[in-house]
Amino acid sequence: MMADTPQTTVLIGSDGFDLDPSDETSIIEEMAHYEQPQAACIEALKIVQRRHGWVPDSAITAIARLLGIGPGEVEGVATFYSLIFRQPVGRHVVLVCDSSACFLTGFQELRQALVAQLGIDYGQTTEDGRFTLLPVCCLGACDGAPALMIDDDTYGPVSPEDLPGVLEDYP
Amino acid sequence: MSQFIASQRDSVRYRSRLMQTEAERHPETHPLTWRLRDDGEVVWLEEYLSKDGYRSVRKALADSDPQAIIATMKDANVGGRGGGGFSAGLKWSLTLQGDDMPRGYLICNADEMEPGTFKDRLLMEHQPHLLIEGMILAALANNSCFGYIFLRGEYVTAARVLNRALEEARAGGWLGADINGSGFDFDIALHTGAGRYICGEETALINSLEGRRANPRTKPPFPGQSGAWGKPSVVNNVETLCNAPGVILHGADWYQGLSGDRSENGGSKLYGISGLVEKPGLWELPMGTTGGEILDRAGGMRNGRQLKAWLPGGASTGFLLPEHLDMPLDFDTVGKEGSRLGTGLLTIVPQEQSIVALVRNLEEFFARESCGWCTPCRDGLPWTAKVLRALELGQGEDGDIELLEKLAADCGPAQTFCAHAPGAAMPLKTALKHFRHEFEAGVSARPVKAAEGQAD
């Protein structure tokens, strides 16, 4: 932006965001799987998130333009799904399962241990940017309850004593 | 030392697994799992073919009669294994078909997010071709032009396995144009979700597949008439589709016979158990197996605890009591006891567990996962959770239990767009029925002022 540009209200996504060319290619490939390009919306958000860690406002407009739909539609989808992050997250996202099977088998102790060890609560990121802690609806690992997921890895059953060893793998 | 720590980490890494060995599983009695390997490795195409893989597709393509496939599935009465129990054959027969109709879509519902449920993961992570074969049969029956596997985003391993299996199937001529020289074209794409329980509802799933918020749609029109992009669409659960190859290959009578005299509902079922038992896990057993047998297989209650209550199949089913352990777990029998078979995966609650706290946990889940489309669900579930939190802390007020009953009724069947709120009401209603004294104990002894009396 040029220095002498008058101050204006910045609309969501009005600043330029260039999709990475290979990400753009991936999204276009996804679009081909469906009758309408909009169906690639969730995958497009996930593709952006894989590169950036989260989905900035400006990416919403870029995706909308590529899919040929309004930014409001993309924003509506981005805010609906819990695995799309609309704020920066840490290098690793810890999803803690609090569903019934985990609740019955020690979720509270596991959560308390995580909170104590990381010094953060749900929705927060450690000061060093290493971990973000989030709750998750059932991980489908109920025979391994209490369970948690770090990035792409599912763990269970996890006891508070297991935590230091598990977290160590995620620098 | 570091080696020791590494092995410690491996021991807590989760792997889905079956609790029965290869020696215990047979093609005649375990159609869903007999091909699985004890070492937990994936059964890829070559091995799958060597174990009768794609034989039912070969047979169906040779017969080339969609109505015969539907009739066999109907006669077998394969109940939907996503929790609803609706006859898959009947569902297939309701799809609009004919030369003047556009070819529609086949959607596999692999959005397994019901708390307490972990069975479809096993099938997808270890035996992807059984699902693909089932999908081809469903596509043949429904004249579907294309299939989607709608997989929840958290199942990363399943996504990797399915993608490789889809490539294998394409390379082997089992997917794509002119399958196995039959003239039938059908392919499948994997579509992964981004976290939301409501995506498991079939019309919400279709909205999500189309790249929208996962709000349910009004029925009618049913998906079989107008589904994805307005085309006739069939939505079937993973386990349901995995039943199709056996049924088509061996026939409806064989399938019915799998449950012996245990149940009017035929077939086998992936039953599982979680909660405070010695060995939580998953077994393929005849439909109509009792909760007691499954609890025994799991080694009983953990550390000698006493059983207080159990959910027969996920968070949206009603609480059952120890006296129900002898009941055959099938769609009809469990329904008559005021609960539902659901997904057939038991959640075990020990005596010392506060039911109010557990129901609070369940209702918080349902409140968080409401899509917000209709008022009883959007406003009623958070209100329910709030009242339960107060009762849990012993800070409830007179009238709270009646309020919970009213909220449960307002969220009951036919009050909302979809089954999310009625599902949420079920554990609450049954907990109030069986454990009312625990809720009453949460009401403080505060005297009710006359001025606060309700008008009705």
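What share of the 456 residues in chain B is buried? The figure is 61%. Keep in mind that this is a predicted model.

Let me start with the whole chain. Chain B has 18 helices and eight strands. Its radius of gyration is 23 Å, close to the 23 Å from the globule rule for 456 residues, so chain B is as compact as a globular protein of that length. The C-alpha trace spans about 80 × 60 × 50 Å along its principal axes.

Now contacts. Take those in chain B with a separation of 6 or more. Of these, 69% join residues 24 or more positions apart.

Next, the surface. Chain B exposes about 17400 Å². Carbon and sulfur atoms supply 50% of that area. On charge, there are 47 positive and 59 negative side chains in chain B. The centres of the two sets lie 4 Å apart.

Let me zoom in on one helix, α17 of chain B. Helix α17 covers residues 420-434, which is 15 residues. From first C-alpha to last, α17 reaches 22 Å, close to the 21 Å expected at 1.5 Å a residue.

Is α17(B) enclosed or open? Twelve of its 15 residues are buried, meaning under 20% relative accessible area, so α17(B) is largely enclosed by the rest of the structure. Among the buried ones are B:His420, B:Pro422, B:Met426, B:Pro427 and B:Leu432.

What do the buried residues of α17(B) pack against? Four helices of chain B: α14 (355-369), α15 (375-392), α16 (400-410) and α18 (436-440).

How values were computed:
Residues are numbered from 1 along each chain as its sequence is written. Chains are lettered from A and ligands numbered from 1 in the order in which they are written. This is a predicted model: local features need pLDDT of at least 70, side-chain atom pairs count only at pLDDT 80 or more; totals for chains, interfaces and linings use all residues. Side-chain values use heavy atoms; hydrogens and water are left out. Helices (H or I, at least four residues) and strands (E, at least two) are DSSP runs, numbered from the N terminus. The radius of gyration is taken over C-alpha atoms; the globule rule is 2.2 Å times the number of residues to the power 0.38. Buried means under 20% relative accessible area, exposed over 50%, partly exposed in between (1.4 Å probe, protein chains only). Contact means heavy atoms within 4.5 Å. Accessible areas come from the Shrake-Rupley method with a 1.4 Å probe; for residues, only the protein chains shown count as cover. Lys and Arg count as positive and Asp and Glu as negative; His and the chain ends are not counted. The place of a charge is taken as NZ of Lys, CZ of Arg, CG of Asp or CD of Glu. The expected span of a helix is 1.5 Å times one less than its number of residues.
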